[in-house]
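Please look through the sequence and the structure below before reading on.

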Amino acid sequence: MPNVSEKKLKLLYIAQLLLEKTDEDHAVTLPQMLEMLEAKGIPAERKSLYDDLETLRRFGFPIETRKSRTFAYYLSQRTFSPGDVAPVSYTHLTLPTIRLV
């Protein structure tokens with residue numbers, strides 16, 4: 001049985017996976033989630049992933065389910081995509097000069 005810290009990490013890793021790897025065209029299945037968690041050293045069972053997905057939904061993640069041969073999950077909406085955010089270059093910022101008296 002996973003300890004409390006591993007349970008919290010599991011939820012965060014699932015959220016990260018959904019945010020970084022899914023959209024309407026790219027969904028992830030439960031076996032893929034389990035594989036990703038296992039690679040990170042986080043024990044999980046298929047049944048617990050249903051609860052985790054529901055927890056993320058209740059928190060506000062717009063997780064949708066797609067049924068084909070198996071169920072797959074993805075985020076249906078995003079506030080912004082990485083391409084929408086212009087990169088910031090801190091080398092162009094100028095800081096005010098501070099004079100010590």
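Setting aside residues up to four places away in sequence, D52 touches K10, L11 and I14. The model that shows these contacts is a predicted one, and in it D52 is found in helix α3. With a relative accessible area of 11%, D52 is buried, since a residue counts as buried when that value is under 20%.

Stepping back to the whole chain, the secondary structure of the protein comes to three helices and three strands, and along the sequence these follow the pattern α-β-α-α-β-β. Of the 101 residues in the protein, 24% are buried. The protein exposes about 8200 Å², and 56% of that area is supplied by carbon and sulfur atoms.

On the side of α2 the contact is made by L30, M33, L34 and L37, while α3 contributes R46, L49, Y50 and L53.

Several of these residues lead on to the interior. In soluble globular proteins, nonpolar side chains tend to be buried together. Here the largest nonpolar core has 17 residues, and those with the most contacts inside it are I14, L18, M33, L53, L56 and I63. The elements that give two or more residues to this core are α1 (4–21), α2 (30–39), α3 (46–59) and β3 (71–75). As for L53, once its neighbours within four places in sequence are left aside, this residue is in contact with I14, L18, L30, M33, I63 and Y73.

The strands can be followed next. Strands of a sheet pair through backbone hydrogen bonds, either parallel or antiparallel. In this model, three strands form an open sheet in the order β1-β3-β2, and the pairing is antiparallel. Strands β1 (28–29) and β2 (63–67) stand at the edges, each with a single partner strand, so one side of each has no neighbour in the sheet. Helix α1 packs on the sheet, where it touches β1, β2 and β3, and the direction of α1 makes about 75° with that of β3.

Strand β1 is joined to β3 by two bridges, and these two strands run antiparallel. Within this pair, V28 stands opposite Y73 in β3. T29 also has its place in strand β1, and at 17% relative accessibility T29 counts as buried. Not counting residues up to four places away in sequence, T29 touches T70, F71 and A72.

At the other edge of the sheet, which is formed by β2, the reader can find E64 in that strand. Is E64 buried or partly exposed? At 36% relative accessibility, E64 counts as partly exposed, because that value lies between the limits of 20% and 50%. E64 and Y74 are 10 residues apart in sequence, yet their C-alpha atoms are 5.5 Å apart in space. Leaving out residues up to four places away in sequence, E64 touches R57, A72, Y73, Y74 and S76.

Conventions:
Residues are numbered from 1 along each chain as its sequence is written. This is a predicted model: local features need pLDDT of at least 70, side-chain atom pairs count only at pLDDT 80 or more; totals for chains, interfaces and linings use all residues. Side-chain values use heavy atoms; hydrogens and water are left out. A nonpolar core is a set of buried Ala, Val, Leu, Ile, Met, Phe, Trp, Tyr and Cys residues joined through side-chain atoms within 4.5 Å. Buried means under 20% relative accessible area, exposed over 50%, partly exposed in between (1.4 Å probe, protein chains only). Helices (H or I, at least four residues) and strands (E, at least two) are DSSP runs, numbered from the N terminus. Contact means heavy atoms within 4.5 Å. Two strands pair if DSSP finds at least two bridges between them. Axes are lines fitted to C-alpha atoms, for helices over the stretch in contact, and angles run from 0 to 180 degrees between N-to-C directions. Accessible areas come from the Shrake-Rupley method with a 1.4 Å probe; for residues, only the protein chains shown count as cover.
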